[in-house]
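Please study the sequence and the structure shown below before reading on.

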Amino acid sequence: MSFFEVVRFALRGLSANKLRSALTMLGILIGVAAVILLVAVGNGSARAVSDRIEALGTNTITVLSAGRGGQTSTALTKEMATALADPVLAPDVKSVSPVVSASATVTYEGAEHAVGSFVGTTPGWFTASNTPVGRGAAFTADDEAQGRRVVVIGPTVAEELFPGLDPIDQQVTVGGALFTVIGVLDEKSSTGFQDANDTAIAPLTAVRQVLTGYGALTSILVEAAGSDRVDAAQSQVAAILNQKMDVGAGSATTPYRLQNASQLLQTQTETADTFTTLLGAVAAISLLVGGIGITNIMLVTVTERTREIGIRKALGAPRRTVLTQFLIEATLLSALGGALGVAAALIGSSFEIAGVEPVIVPSSVGLALGVSIAIGLFFGGLPAARAARLRPIDALRYE
């Protein structure tokens, strides 16, 4: 009997019980689709976070306060930020932007919006943080020096407060004071957990006067002169801060933390890879369950067709032909289920899942489909071997 005739018999065997075959393929379909989609969600989440980090610029260093020995950390001050901009002590530093931030409610003609991040800083922050102004203009150094109450808002704030209106030159109330909107930021991509466009940026002096007071800075954003000079700039920043904060040479702890954007990106990438692998491994369990389903169905099929097997072997069908037929049946079930699972995953990836836009990983498609076929061969092996071992006389006697 030729291979094509064996395949024809296998297809006829599958079509003899369409509902059973469909339910078996459904198990494989769910497993394959789950693997591809969960890996895609992990990859999409990782890409969104990476985009956010890269949007900050990989040549930036963020200075944050850090506790030491259970005690309150030394506060970051504007004087420290000024010292970091010294061209002699820090020749690899291009710009320094002191930052204060707070949550604030912005109102306009009765409409209110709670801004997630109301930032006070200097004009250099827009370039250093890679946050361009889309409409209008950013505030100037003179605005910051004079404490003028002007503000640049994010697209989300503009949509909430000024639907269908031009927000430029409109006045909003923040903390009981009037601020004039002079610009709207370009839209940024956001993760499913935080809206990067729900922000407002104003001169440091004005924000201190109205919202935060003249206490410690929230952070200091340092821009290196180039991506290849970040490490040198970080060393210079650390040396200046150690001097300003009286940190002894060789001290194991410091009252500040330095976050290098490129280091954050590397750490995030490693974490995302682990997370994606874990998601794929969890989803692969459903493929295993589908394989067990194939074993059960094929064992039932072999039992139901025992007399057929006996007749074929009595007519001279060799053992390998029977073995091949049932292996092909099991493999076809898993292959067809896998193909449908790939189609379902591709369709599902066009929708957001848990606030994340899935990004299909091509290798996961090939791997999931290959594993589904391997599962058919592996889990179909036991029923196929059982069918091939049947003696014709015993099979013909089976009722």
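Predicted model: local features only at pLDDT ≥ 70, side-chain atom pairs only at ≥ 80, totals over all residues.

Residues are numbered from 1 along each chain as its sequence is written, and side-chain values use heavy atoms, with hydrogens and water left out.

An unreviewed UniProt entry annotates residues 21-42, 278-302, 322-347 and 359-382 as "transmembrane region"; such annotations may be inferred rather than shown by experiment. Residues 21-42 are 100% helix and 0% strand. Helices (H or I, at least four residues) and strands (E, at least two) are DSSP runs, numbered from the N terminus.

V100 belongs to strand 2 (residues 93-108). With a relative accessibility of 2%, V100 counts as buried (under 20% relative accessible area, with a 1.4 Å probe and protein chains only). Beyond its neighbours within four places in sequence, V100 has contacts (heavy atoms within 4.5 Å) with residues including F118, L204 and T218.

The structure contains four aromatic pairs (rings of Phe, Tyr and Trp, the last by its six-membered ring, with centres within 6.5 Å; planes under 30 degrees apart count as stacked, over 60 as edge-to-face and the rest as tilted). One of them joins F118 and F179: the ring centres are 6.0 Å apart and the planes stand at 75°, so the pair is edge-to-face. Because F118 lies in strand 3 (residues 111-121) and F179 in strand 7 (residues 177-185), the pair ties together parts 61 residues apart in sequence. Both F118 and F179 are buried.

Technical notes: Buried < 20%, exposed > 50% of the residue type's maximum accessible area, 1.4 Å probe, protein only.
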